[in-house]
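Trainee: Please pick one part and take me through it closely. I want to understand how contacts are described.

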Protein chains: 2
Amino acid sequence: MHSIFRDSSIPRNVQLADLFRQRIARGIWPLGHKLPSLEELVREFDVARVTVRQAMNRLAREGLVSPQQGRGTMVTGGAATDRWLNVQTTLDDLHKVYLDTKPELTNLGESVAMPQLTAIDGTPAPEYRLLRRLHQRDGVPYCVISIYLDNRIFNRAPQRFRNEIVISVLRTMRSVKVARARQTLTINAADVEVASHLQIPVNSPTAEVRRVFNDPAGTIIYLAEVTYRGDFIRLEMNLRV
Amino acid sequence: MHSIFRDSSIPRNVQLADLFRQRIARGIWPLGHKLPSLEELVREFDVARVTVRQAMNRLAREGLVSPQQGRGTMVTGGAATDRWLNVQTTLDDLHKVYLDTKPELTNLGESVAMPQLTAIDGTPAPEYRLLRRLHQRDGVPYCVISIYLDNRIFNRAPQRFRNEIVISVLRTMRSVKVARARQTLTINAADVEVASHLQIPVNSPTAEVRRVFNDPAGTIIYLAEVTYRGDFIRLEMNLRV
DNA sequence: TAGTGGTCTAGACCACTAG
DNA sequence: TAGTGGTCTAGACCACTAG
């Protein structure tokens with residue numbers, strides 16, 4: 001076996017991560033599939049286990065793979081585009097913001113509906129429960145949200161999902177595993193309906209957040225479309241040097 | 001020496017990171033100061049070096065500390081707020097977006113001026129060069145930017161700074177070390193001047209980005225205020241599970 | 001040249017998953 | 001129970017910084 005590490009000035013874990021990224025991009029490790037185990041990769045590349053893990057950690061931070069203790073590591077994403085800035089955070093941090101904000105919920109309607117999906121979102125569930133609601137803080141409305149929740153999951157605790165923060169409820173259900181979570185933020189202007197709910201003028205700036213959770217099999221179990229008042233959004237970005 | 005690790009169900013590197021975070025929050029390790037070396041921390045807590053590094057990596061990702069090979073690890077930040085979502089990316093990624101976007105630059109003016117600063121931004125440089133410019137892509141203007149650059153740095157390559165992407169020039173200067181970089185994104189509406197530059201209607205949605213770079217001593221060497229057309233902004237956020 | 005962070009090895013034990 | 005990821009140890013060598 002000859003070593004694949006040609007450039008000793010680049011750390012092995014970075015070279016490994018690059019190589020793994022290539023395998024994912026080229027479909028050698030297709031989306032949704034299980035990667036070889038750490039042990040196998042250790043043997044294939046003749047490096048220490050820790051080095052493989054460092055490489056995997058990189059890919060996990062990029063959202064390409066999702067390691068799961070006891071199960072294996074799944075491919076959960078494709079290549080990132082360079083046109084937009086890709087940023088990282090954690091589901092925990094997102095949840096903390098919800099806890100800290102302590103929103104008051106107003107229901108705007110409930111139905112069964114299918115969301116608009118694209119191929120990269122994942123595999124659709126058979127049926128979704130659509131929950132529309134308004135979030136307020138100290139009586140001031142700051143976002144309207146449409147949540148599409150896999151109806152099989154909704155039916156396990158309908159009352160809780162209707163009255164609590166959906167992400168909080170999902171986190172307490174041990175049978176629900178979120179393997180991948182991501183969201184996209186864009187900037188928009190309020191239409192008449194949104195403006196009326198948020199009590200802002202039509203055409204005021206808003207932020208649109210589209211959030212998707214997949215389970216380990218790639219099924220889209222949660223999809224939310226959130227429209228925030230623009231002045232409620234503030235993103236602190238730490239740029240690692 | 002008795003072990004400080006009481007809860008064996010929480011990984012030691014996480015407990016260590018929590019403890020370090022406390023020391024920073026309480027001012028035992030004040031902002032701008034150098035932390036004990038990894039060796040010293042290994043002895044103090046009687047853990048493996050790798051474990052201390054894992055903990056430091058966490059804090060570095062949060063922007064609290066900035067490890068510098070050969071120099072030591074500096075405290076570069078305070079506690080994060082829970083009200084806003086904190087996200088992470090890298091200076092490299094930000095730079096890649098600039099390279100990929102290949103902006104055409106139009107100068108809107110140059111002067112010597114002081115930016116509006118707050119205490120947490122860092123220590124001001126004695127004097128700043130203010131460069132105002134418009135970025136276009138394929139002839140379409142998409143942002144106006146005001147760059148305050150430490151005049152001592154500007155004077156090393158005035159022509160390059162005037163005609164190239166400032167971040168690119170900074171990266172090529174080996175004598176310039178960026179120890180900390182961060183930016184804040186908020187949402188706004190275009191005023192008359194911005195609307196005219198960006199060729200959009202007054203009150204159209206915009207994104208405001210305020211970006212600050214500090215050198216290892218905490219001096220603010222670069223501060224940029226960027227106003228983007230709202231429809232040009234799209235943030236992909238990966239939420240680690 | 002001494003001090004410091006960055007990476008890597010080889011091996012160990014644990015926690016979790018799924019049959 | 002076998003397979004898999006998560007964490008940790010003890011020690012080594014390297015790259016970079018600053019006097």
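**The chain B and chain A interface**

Mentor: Chain B and chain A bury about 5,500 Å² between them. Carbon and sulfur atoms carry 58% of that area. Buried area is the accessible area (1.4 Å probe) that two parts lose on being put together, summed over both.

A word on the basis. This is a predicted model: local features need pLDDT of at least 70, side-chain atom pairs count only at pLDDT 80 or more, and totals for chains, interfaces and linings use all residues. Residues are numbered from 1 along each chain as its sequence is written, chains are lettered from A and ligands numbered from 1 in the order in which they are written, and side-chain values use heavy atoms, with hydrogens and water left out.

Back to the interface. Chain B puts 50 residues into the contact, and chain A puts in 50 residues. Contact means heavy atoms within 4.5 Å. On the chain B side, Ile187(B), Leu239(B) and Arg240(B) supply 14% of the area that chain B buries against chain A, more than any other three residues.

Now the polar side. The rule finds 0 salt bridges between chain B and chain A. A salt bridge needs a side-chain nitrogen of Lys or Arg within 4 Å of a carboxyl oxygen of Asp or Glu. There are 12 residue pairs in polar contact, both at pLDDT 80 or more. A polar contact is a pair of N or O atoms within 3.5 Å; within protein, one must be able to donate a hydrogen and the other to accept it, and residues adjacent in sequence count only if both atoms are side-chain atoms.

Which elements of chain B touch chain A? Those that each supply at least two residues include helix 4 (91–101), strand 8 (180–189), strand 9 (205–214) and strand 11 (234–240) of chain B. Strand 8 of chain B gives the largest share, 10 residues. Helices (H or I, at least four residues) and strands (E, at least two) are DSSP runs, numbered from the N terminus.

By class, the side of chain B that touches chain A has 22 nonpolar, 14 polar and 14 charged residues. Ala, Val, Leu, Ile, Met, Phe, Trp, Tyr, Cys and Pro count as nonpolar, Asp, Glu, Lys and Arg as charged, and the others, Gly among them, as polar.

Of the 24 residues around DNA strand C, Arg12(A), Thr51(A), Arg71(A), Arg49(B) and Arg53(B) come nearest. Sugar and phosphate make up 66% of the atoms of DNA strand C that come within 4 Å of the protein. A residue is near a strand if one of its heavy atoms lies within 4 Å of it. The largest share of this surface, 4 residues, comes from helix 3 of chain A. The surface near DNA strand C has 7 nonpolar, 11 polar and 6 charged residues.

A polar side-chain atom of Asn13(A) lies 2.8 Å from a phosphate oxygen of DNA strand C. For Ala48(A), a backbone N or O atom lies 2.8 Å from a phosphate oxygen of DNA strand C. For Leu38(B), a backbone N or O atom lies 2.7 Å from a phosphate oxygen of DNA strand C.
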